[in-house]
Amino acid sequence: MTNGSSKHGPLPENGQRPSGGLGTLRHLGGALVLLFIPAVFLSDVEPTGWGVVPTQVVPALVMFMLWLLLFDIVMSRVFAAAYGNSSRKRYRRVLFFDLTLLFGLLVFWGPFYLRLLVD
């Protein structure tokens, strides 16, 4: 398992395994976003007990996910340009996935944050 190989076979020239998929962390992030979207409908409950989660915890995590998705979009563009044609298809898929999640968060959580700015 030396000389640029692993137990799964030789690594490509760029040193990354050709998974072709989005990766575990992106799938977990997508699952979190899918959990956050319905939580916006519970954001007006009384913030006591479990009501703290949709009124205070989830909005903070949504802001974190927005920044994380924006950073992943930028890095996907950087890596797509750096690796050229060999990985461009994968990073296009990553970019589409991230933009879809970002759009979903902005559509559902945008009015909540705008309401906070106005009040």
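Before we look at helices, one convention: axes are lines fitted to C-alpha atoms, over the stretch in contact for helices, and angles run from 0 to 180 degrees between N-to-C directions. Keep that in mind. This is a predicted model.

Now the first pair. The axes of α2 and α3 come within 9 Å and cross at roughly 155°. Angles over 145 degrees count as roughly antiparallel. So α2 is roughly antiparallel to α3. The crossing of these two, α2 and α3, is left-handed.

Let me step back to the whole chain. What does its secondary structure come to? Three helices and two strands. The order along the sequence is β-β-α-α-α. There are 119 residues in the chain, and 33% of them count as buried.

Next, α1. This helix covers residues 24-39. Take α1 against α3. Their axes are 9 Å apart, and the packing angle is about 15°. The cut-off for roughly parallel is under 35 degrees, so α1 runs roughly parallel to α3. The crossing of α1 and α3 is left-handed.

Then α1 against α2, which spans residues 52-83. These two axes come within 10 Å and cross at roughly 140°. How is α1 placed relative to α2, oblique or roughly antiparallel? Roughly antiparallel needs an angle over 145 degrees. The value here is roughly 140°, so α1 is oblique to α2. This crossing, α1 past α2, is left-handed too.

How many salt bridges are counted? One. The partners are Arg26 and Asp72, and their closest N and O atoms are 2.8 Å apart. Arg26 sits in helix α1 and Asp72 in helix α2.

Buried needs under 20% and exposed needs over 50%.

Which residues can we set against Leu32 in space? Leu61 is one of them. Leu32 and Leu61 are 29 residues apart in sequence, with their C-alpha atoms 9.3 Å apart. Val58 is another. Val58 and Leu32 are 26 residues apart along the chain, and 10.0 Å separates their C-alpha atoms.

Val58 itself is in helix α2. Is Val58 buried or exposed? Its relative accessibility is 8%. The limit for buried is under 20%, so Val58 counts as buried.

Last stop, the surface. Helix α3 takes in residues 88-118. Phe103 is placed in that helix. Its relative accessible area is 58%. Exposed means over 50%, so Phe103 is exposed.

Which residues make the nonpolar surface patch? Phe103 is one of them, together with Phe41, Val107 and Phe108. The patch comes to about 440 Å².

α1 is roughly parallel to α3. α2 is roughly antiparallel to α3. α1 is oblique to α2. Phe103, in contrast, is exposed and belongs to the nonpolar patch.

Technical notes
Residues are numbered from 1 along each chain as its sequence is written. This is a predicted model: local features need pLDDT of at least 70, side-chain atom pairs count only at pLDDT 80 or more; totals for chains, interfaces and linings use all residues. Side-chain values use heavy atoms; hydrogens and water are left out. Patches are made of residues with over 30% relative accessible area and no salt bridge: like charges are joined within 9 Å, nonpolar side chains (Val, Leu, Ile, Met, Phe, Trp, Tyr) within 5 Å. Accessible areas come from the Shrake-Rupley method with a 1.4 Å probe; for residues, only the protein chains shown count as cover. A salt bridge is a side-chain nitrogen of Lys or Arg within 4 Å of a carboxyl oxygen of Asp or Glu. Helices (H or I, at least four residues) and strands (E, at least two) are DSSP runs, numbered from the N terminus. Buried means under 20% relative accessible area, exposed over 50%, partly exposed in between (1.4 Å probe, protein chains only). Angles under 35 degrees count as roughly parallel, over 145 as roughly antiparallel, 65 to 115 as roughly perpendicular and the rest as oblique. A crossing is left-handed if the near helix is turned anticlockwise from the far one by less than a right angle, and right-handed if clockwise.
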